[in-house]
Amino acid sequence: MVRETVDALVSGVRFGKFVSVGAIGAVFDITTTTALIVGLGVLGEYAKLVGAEVAIVVMFAINERWTFSELGAPGTLPTLKRFLRSNLVRSGGLAVQFLIVRALRQLDLSVPLFGFDLWQLIPIPIAIGASMFLNYVAESLITWRVTRS
């Protein structure tokens with residue numbers, strides 16, 4: 001059982017798909033977060049929470065149809081359960097991201113560009129990258145339960 005779980009987690013193909021989906025999610029996350037910060041003046045930490053949830057929804061939809069398409073029972077109710085588990089699982093990754101953004105924004109740094117401080121945005125991709133492995137393992141084991149395949 002342990003060997004099967006490890007084999008499922010180290011699948012280069014699945015991990016590659018997961019990372020690709022994560023890149024798409026990061027685009028949605030960064031775009032939403034940036035629009036909220038720059039366009040609406042929302043505080044970075046809170047804009048990050050909204051951006052992350054938009055990304056979670058997008059990534060779940062793609063992972064459900066592509067990365068983990070062979071796993072999980074079909075139908076609306078099983079899919080909804082996986083979606084809810086995914087949101088719960090990703091809350092751990094989101095907590096990591098939130099804390100990283102919060103910590104990095106406490107640093108007395110500034111990267112001015114055309115009247116805007118880029119340091120407000122720089123912590124976002126750092127936070128996303130830091131939570132990627134946590135999310136992969138948790139999504140694989142809890143949301144799609146790769147150990148059953």
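In what follows, a residue is called buried when its relative accessible area is under 20%, exposed when that area is over 50%, and partly exposed in between, as found with a 1.4 Å probe and with protein chains only. The structure is a predicted model, in which local features need pLDDT of at least 70 and side-chain atom pairs count only at pLDDT 80 or more, while totals for chains, interfaces and linings use all residues. Residues are numbered from 1 along each chain as its sequence is written, and side-chain values rest on heavy atoms, with hydrogens and water left out.

The protein chain holds five helices and two strands, where helices (H or I, at least four residues) and strands (E, at least two) are DSSP runs numbered from the N terminus. Read from the N terminus, these elements follow the order α-α-α-α-β-β-α. The C-alpha trace spans about 55 × 30 × 20 Å along its principal axes, and 37% of the 149 residues count as buried. Of the contacts (heavy atoms within 4.5 Å) in the protein chain with a separation of 6 or more, 73% join residues 24 or more positions apart.

UniProt, in an unreviewed entry, places the feature "domain: GtrA/DPMS transmembrane" at residues 17–144; positions from UniProt are given in the numbering used here, with feature names shortened, and such annotations may be inferred rather than shown by experiment. In the model, residues 17–144 are 77% helix and 3% strand, with the end C-alpha atoms 14 Å apart. For "transmembrane region", the unreviewed UniProt entry lists residues 21–43 and 119–138. The span 21–43 is 87% helix and 0% strand, and its end C-alpha atoms lie 27 Å apart, whereas the span 119–138 is 80% helix and 0% strand, with its end C-alpha atoms 30 Å apart.

The largest nonpolar core has nine residues, namely Ala8, Leu9, Phe18, Phe60, Phe68, Leu71, Tyr136, Trp144 and Val146; a nonpolar core is here a set of buried Ala, Val, Leu, Ile, Met, Phe, Trp, Tyr and Cys residues joined through side-chain atoms within 4.5 Å. A second, separate core comprises seven residues, among them Leu36, Ala47, Ile124 and Ile128. Within the largest core, Tyr136 touches Ala8, Leu9, Ser11, Arg14, Phe15 and Phe18, when residues up to four places away in sequence are not counted.

Phe60, another member of the largest core, is in contact with threonine 79, as is Glu64, once the neighbours of threonine 79 within four places in sequence are left aside. Threonine 79 lies in helix 4 (residues 76–105) and counts as partly exposed, at 25% relative accessibility. Threonine 79 and phenylalanine 60 are 19 residues apart in sequence, and their C-alpha atoms are 10.0 Å apart in space.

Most residues other than glycine have a negative phi. Phenylalanine 114, however, has a positive phi, near 50°, and is found in the loop between strand 1 (112–113) and strand 2 (116–117). Phenylalanine 114 is exposed because its relative accessible area is 81%. Arginine 145 likewise has a positive phi, of about 50°, although it is not a glycine. Arginine 145 lies in the segment after helix 5 (123–143) and, at 34% relative accessibility, counts as partly exposed.
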